[in-house]
Amino acid sequence: MILPILQYGDPILRTKGQRIEKIDDRIRELAANMIETMHAAHGVGLAAQQIGEALQLTVLDISAVEDRPSTLKLGGKDADPTSAMPLVLINPEIELRGESEVGVEGCLSFPEITGDIERAQSVIVRAQTLEGGTIEIEAGKFLARAIQHEHDHLNGILFIDRMRSAAKAALSSRLKRLQKETRRGIRHREPLVSETTL
Ligand code: ZN
């Protein structure tokens, strides 16, 4: 089922997600719906807050992204990142590695807005899986960026918080307008910026 994606201005986007203690049918169904919703919106990541659930749950799929490479290590060995997609992360914890780099990002909750965001080039992620196990992966490049963006969502942090102040100031009237529209129940149906929206 495709779920409505909440826009900037909805207070749930600012709510830290609760830890998921039990992976039951409700969580499995929610994750499946989030994957369907992310694909329908041509996004590469979606956090539970974006569909109205303040939970430590995010889904990602970078397999359609061709122009921004990703790397993945599973159990210390290089793996094809697309083989792990869609990726469902429950209660993820991340450790930032390497240098940071600036790259453009969009967000499914911010129609038509993009910005340059500084992120670590690599992350170690420990998370629970839908099957009840745990995974540890090392993600690099674009996948690392996407995971950091989603991990921020799970803590109520939005990509505009990480924009340089001049860039954010330049967007301020658009952000205010979007907030107002969200409060009035006006939804943007057009997708968004392809392939970099998280
Ligand atoms: Zn986002």
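Contact here means heavy atoms within 4.5 Å. Glu-99 lies in strand E5. Its relative accessibility is 60%, so Glu-99 counts as exposed. The cut-offs are these: buried is under 20% relative accessible area, exposed is over 50%, and partly exposed is in between, with a 1.4 Å probe and protein chains only. From Glu-99 to Ser-122 there are 23 residues in sequence and 8.0 Å in space, C-alpha to C-alpha.

Before going on, some ground rules. This is a predicted model, in which local features need pLDDT of at least 70 and side-chain atom pairs count only at pLDDT 80 or more, while totals for chains, interfaces and linings use all residues. Residues are numbered from 1 along each chain as its sequence is written, and side-chain values use heavy atoms, with hydrogens and water left out.

Now the whole chain. Helices (H or I, at least four residues) and strands (E, at least two) are DSSP runs, numbered from the N terminus. The C-alpha atoms fill a box of roughly 45 × 40 × 25 Å along the principal axes.

Of the 198 residues, 49% count as buried. Among contacts between residues at least 6 apart in sequence, 73% join residues at least 24 apart. The chain exposes about 9800 Å², and carbon and sulfur atoms supply 48% of that. The areas come from the Shrake-Rupley method with a 1.4 Å probe; for residues, only the protein chains shown count as cover.

Next, the inside. In soluble globular proteins, nonpolar side chains tend to be buried together. A nonpolar core, as used here, is a set of buried Ala, Val, Leu, Ile, Met, Phe, Trp, Tyr and Cys residues joined through side-chain atoms within 4.5 Å. Which residues have the most contacts inside the largest core? They are Met-34, Leu-46, Leu-57, Val-88 and Ile-90, in a core of 21 residues. Helix H1 (25–40), strand E2 (57–60) and strand E5 (87–107) each supply at least two residues of this core. H1 gives the most, with six residues. A second, separate core has 19 residues, including Val-44, Met-85, Val-125 and Ala-146.

Leaving aside neighbours within four places in sequence, Met-34 is in contact with Leu-46, Ala-47, Ala-48, Ile-51, Leu-57, Thr-58 and Val-59. Ile-90 lies in strand E5. Is Ile-90 buried or exposed? Its relative accessibility is 0%, so Ile-90 counts as buried. With the neighbours within four places again left aside, its contacts include Ile-20, Ile-23, Ile-27, Leu-57, Ala-127 and Leu-130.

Staying in strand E5, Pro-92 is also found there. Pro-92 counts as buried because its relative accessibility is 7%. Beyond the neighbours within four places in sequence, Pro-92 is in contact with Gln-56, Val-125, Arg-126, Ala-127, His-151 and Leu-154.

Last, the backbone. Most residues other than glycine have a negative phi, and most peptide bonds are trans. Where is there a cis peptide bond? One joins Met-85 and Pro-86, with omega about -10°. Pro-86 is in the loop between strand E4 (77–79) and E5.

For phi, there are two residues to look at. His-42 has a phi near 55°, a positive value in a residue other than glycine. His-42 lies in the loop between H1 and strand E1 (45–47), and is exposed, with a relative accessible area of 52%. Asn-91 has a positive phi of about 50° although it is not a glycine. Asn-91 is in strand E5, and at 6% relative accessibility Asn-91 counts as buried.
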